[in-house]
Structure formats: structure tokens, C-alpha cells
Amino acid sequence: MATDVHEIYNGPHENKADNKSKVLIIGAGIAGISAAEFLSKNGMDDFKILESAHRVGGRIWTNDIDGDLKVEMGANWIHGIERNPIYQLADENGLLQLRYKDKGLRHRNIFMTENGDEVNAKVVKECDFTYGLLIQQCEEFYQMGMPTPYECESVGGYMKMEIAEKLELYHGNDRKLRDMIFRQHLMQEAVVSGCNDLDDVSLSEFGCYEELPGVHYTIPPGFQSVLEILLSKVPQENIYLNQQVRSVNYGDSAGDENYKVCVECENGEKFYANHVIVTVSLGVLKAAVDRMFIPKLPSPKVEAIEKLGFGVVDKVYLHFEEPIVAPDVFRIELLWEEDSFIEDERAPNLADTWYRKIYSFEVAHENLITGWLCGKEALYMESLSEEQIANDCCNVLKKFLKKDIPLPTRVIRTRWGNDKNTRGAYCYIQVGAAIQDVETLGEPIDINGKPVIQFAGEATHPSFYSTTHGALITGHREAKRILDLYGMPCSQ
Ligand SMILES: Cc1cc2nc3c(=O)[nH]c(=O)nc-3n(C[C@H](O)[C@H](O)[C@H](O)COP(=O)(O)OP(=O)(O)OC[C@H]3O[C@@H](n4cnc5c(N)ncnc54)[C@H](O)[C@@H]3O)c2cc1C
């Protein structure tokens, strides 16, 4: 099912003479596609989607590596159930049935030290509990409107301060073990937040991200199957692949009396429309904001783009001839010893340290495990050969599992930092930014009281930024804005 997306939408519509439409959507990620689906199902088909890549989906990308074996290069989990439109789509269309069937087979997360010793579950549970309380405290600064302590403006600063205090109750190995568990949790949190380090994440705004109730599901037929459901309601001929937008001219010189905006692509092709919904990632906006919009965007919008954070998160998949962990193990949590390299800005010898940012390996399929990492180590990993990654990861596994591990037969890794169509992973509220910046980013630019340049995409949702459901909702939001303008009734 997932490959169809590549096969059906495969090529620019070079011969299409009619480059004019009421609405132009830039980007065929889930925000762009959900905007198109919403317009279409509510009776407006006069739109086109311009997509830079040779495929649709953006940061939703299921890669078929071997028949039935699918790997998620981007979005992995449906985050929560209640009020989650992605969950609703997946559930209503039977995409989660396999998940229900297999539930519980692999349920054990083992916490391992570099010596290959498994940590007592009671200690882990204790640390989990304390860590959970501390994260909750971080969220409460925003949720309760409390001032943050003057000495720390970041989540990292606060967590490290509080953890150091808790650790004072312990000595020797007890303390060392707990310290390693807390640091492992912080590394995972950095990946969840999409930053290099939690020192980058604003403490005062941390609680504005809303966690939806319910468990986190993967989608056995692939995350891309959610997209295909939406795509089935979008006329295929409205989607233009391999069309990288260079400029969006909404000034007086746009060049057509009936259409307010002229969008020019890198290949010189021009498209005209009255409303443009921009859904490119915050990373692309950061890189292009100075030259993409004519005239320049208003300064509050530019400042919001500059202030918000957009980090790198990557995954490494390792495929083996046979399973490397027991049938009940879901995750190997890696408890790294304190390493002066990582803390020491002067010694960024990433060749020797990049893999220490991997905080766990998770079983994705029987013979396939995956590790996540973020920040500068992820960016460094993107530059390595697959052979090097295989060697480094294999050594990590040998050490933590204290047994011989064969080299993986295949390595698949993502390169979101170097992907010109994304330039990172997802948005976070950086120290110095505020939730108002997300709201500002999502505001349309009006001309004569009508929205002309609109913004959708995960980074424009004030409480679900960084997620697929956030992105989907913003696509609907901007489509509805247009339908409302034309007095067209709409249903969800
Ligand atoms: C590694 C990783 C893991 C993730 N895990 C999860 C998860 O588990 N759960 C979850 O909910 N979310 C997850 N996310 C986040 C989620 O994938 C995104 O929030 C969501 O897919 C963003 O959708 P979007 O439509 O806003 O942007 P995108 O998917 O980035 O879509 C934008 C589109 O614009 C196109 N484009 C860019 N520049 C141009 C241009 N100049 N001209 C034309 N087109 C252009 C791009 O090619 C892209 O297709 C993850 C992301 C990553 C990277």
C-alpha cells in the first residue's frame, strides 16, 4: 500500500497549460494534503499542490525495505487517542487491527549498563517516578502561570538542578546508577522535544504542549497509509511533484490582474492564485525567509521564524539475520557512563562519541532494531557511511549486551538535517521564544481584509506543534478559513 504513493504521483505536470487556481498549497506533507482533502470534500476543487520532492508525505515516509518489512523514516507513533484525528482515521479504516493482535508480545524494557549488567527494575521504577514528577513540575510553570526560578530559563537547567538535589540522598554506586538513569531519560526527552539539548528548551513555555490522553500506537501498514486515506479524496491531477517553490510574490508586481499571488518554482514555472497556503517546515522557512517572500514577511512573523527552535532528530535502523534479543524484550535502554566529551564543548570529537547520544535500541520487527538520536551527533551521523554506522552500533550492542553480535546485514538511517525539503525534524519552543511566536507564525497575511498568504504545518499549532495531528489540524484550519471567506459551509 505504501509504495503506491511513490508510484502514482510520479512526475511534474510539465505540460499543464493552466497554471492558475483559486488556491495554491505549497507542500504535500500531511498539512498540505489535509488542507486539500478538506477543500475537496467541501466542494472546492480549484486548487493545486506544489511539492518539491518526488513523493508526497514530507515527514511521513514509510519505506518498504523488503516485502513486508516497512520502516518509518519520519513519524512513528500516533501520540494519544482522545481527540486525535490521526488515531480516528487509522482506527476507522482498520489500520490498527494488527497492532491490537500483536499487543503485549514484546513488553520488557531492559536497562543495561556499559558493562552489560541489567539494572534492577525497582531502581528504574523509582527513578521513573521521580523523573515524571519533575517533568510535571516543568509543565506547571506554564500551566499554572508560575514564574520560573531566576537561575534557570531552560528545561535542561531546571531538570539538572533538581536531579542533582535528589541524587544527594545517595552515595557510591547507588548514586552513579541513578545518575545514569536520569541522564538517559534526559536524552530521550531531548529527542522527543527535537532539540540538541534540553538546555535549549524554554522552561516557561514547556507546558504549552498538550499531551493527548491514551497510549501511543504505531501503524502496522505504515504511517503513510493514513496519508493515502486523505489522498484518496484529493484529485490526483491537482498534485504537482518536483516543483520546488523559489518565491511567493504577493506584492503589486505579482503580474496578473485576476490573481493576487504569483508563485515561481526553481524550474522557472509560474503559478497564480488568490490564496496560497504555505506548509513548508520551519526549517525551510528559516533558511528561505529572506528571499522566498516578495515583499518580505512582516517583522513579527520573521522574528517568530527566527526565534522558534527546529532541531535535528534521526533514526538508525539495523537489520540482522536473526533476532538479537530475547522474544519478550522490546527495548534495550542504554545507560552510558558520564562522558566528559559530551559535556566539553572544546572536545567535540564526534567520531568517537556520536553513538553515545543513542539512548535505546527498540525492536521494530523481529530482526530489525532502531535507535534514535538528536542534535549535533545526529547531524554527524548523517555524514557517515553505512558501514561505519554498522560498526559503531555493533560495538555499542556488544558492550551493552555483553555478547557477540554479528554485523547487521543492512543499515537504514535518516538524514532529516540535510534534507533540503525539511532541514531538521520538528519545532520546539526555544529559550527566548514564546507560544505567541507559534501563534504569530500561524496568522495569515491579509490584503484588503482577505487572507492571501496563509501558514499551516506542525509549527503553526499552538499546543500540538511537532506532531502529525497538529499538522493535520492546521491544514483543516487554513482550508476552512478559505471556505468561510466564500461562504461555503463545511463539515469536518
Ligand atoms: C524523525 C521524525 C520522527 C517523528 N515522529 C513523530 C511521531 O512519532 N508522531 C508524530 O505525530 N509526529 C512525528 N514527527 C513529526 C511529524 O512527522 C511532522 O510534525 C509532520 O509530518 C509535519 O507535517 P507538515 O505537513 O507540517 O510538514 P512536512 O511533512 O514537512 O510537509 C511539508 C512539505 O513541503 C515540501 N516542501 C518543502 N520546501 C518546499 C518548497 N520550496 N516548494 C515546494 N514544496 C516544499 C516538503 O517536501 C514537504 O513534503 C516526526 C518527525 C520526524 C522527522
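Residues are numbered from 1 along each chain as its sequence is written. In this predicted model, local features need pLDDT of at least 70 and side-chain atom pairs count only at pLDDT 80 or more, while totals for chains, interfaces and linings use all residues.

The protein divides into domain 1 (4-59 + 219-310 + 423-485), domain 2 (62-80 + 104-108 + 313-413) and domain 3 (120-208). These bounds come from an automatic or database domain assignment. Domains 1 and 2 have their C-alpha centres 33 Å apart. Nine residues of domain 1 and eight residues of domain 2 form the contact (C-beta atoms, placed from the backbone, within 7 Å). On the domain 1 side, three residues are nonpolar, five polar and one charged. Here Ala, Val, Leu, Ile, Met, Phe, Trp, Tyr, Cys and Pro count as nonpolar, Asp, Glu, Lys and Arg as charged, and the others, Gly among them, as polar.

Around the ligand stand 39 residues, of which Gly27, Gly29, Gly58, Asn421 and Gly457 come nearest. A residue is near a molecule if its C-beta atom, placed from the backbone, lies within 6 Å of it. Two or more shell residues come from each of α2 (30-41), β14 (313-319) and α16 (468-485). Helices (H or I, at least four residues) and strands (E, at least two) are DSSP runs, numbered from the N terminus. α2 provides the largest share, three residues. By class, the shell holds 17 nonpolar, 18 polar and four charged residues. Domain 1 and domain 2 each supply at least three.

Two packed helices are described by the angle between their axes and the distance between the axes. Axes are lines fitted to C-alpha atoms, for helices over the stretch in contact, and angles run from 0 to 180 degrees between N-to-C directions. Helix α9 (residues 282-292) packs on helix α10 (residues 299-307) at about 120°, with axes 9 Å apart. Leu282, Leu285, Lys286 and Val289 of α9 meet Val302, Ile305 and Glu306 of α10. Five of these contact residues are nonpolar, none polar and two charged.

Helices α5 (residues 121-143) and α7 (residues 172-193) pack at about 50°, with axes 10 Å apart. This pair is therefore also oblique. α5 contributes Val123, Val124, Cys127 and Tyr131, and α7 contributes Leu177, Arg178, Ile181, Phe182 and His185. The α5–α7 contact comprises seven nonpolar residues, one polar and one charged.

How values were computed: Contact = placed C-beta atoms within 7 Å. Parallel < 35°, antiparallel > 145°, perpendicular 65-115°, else oblique.
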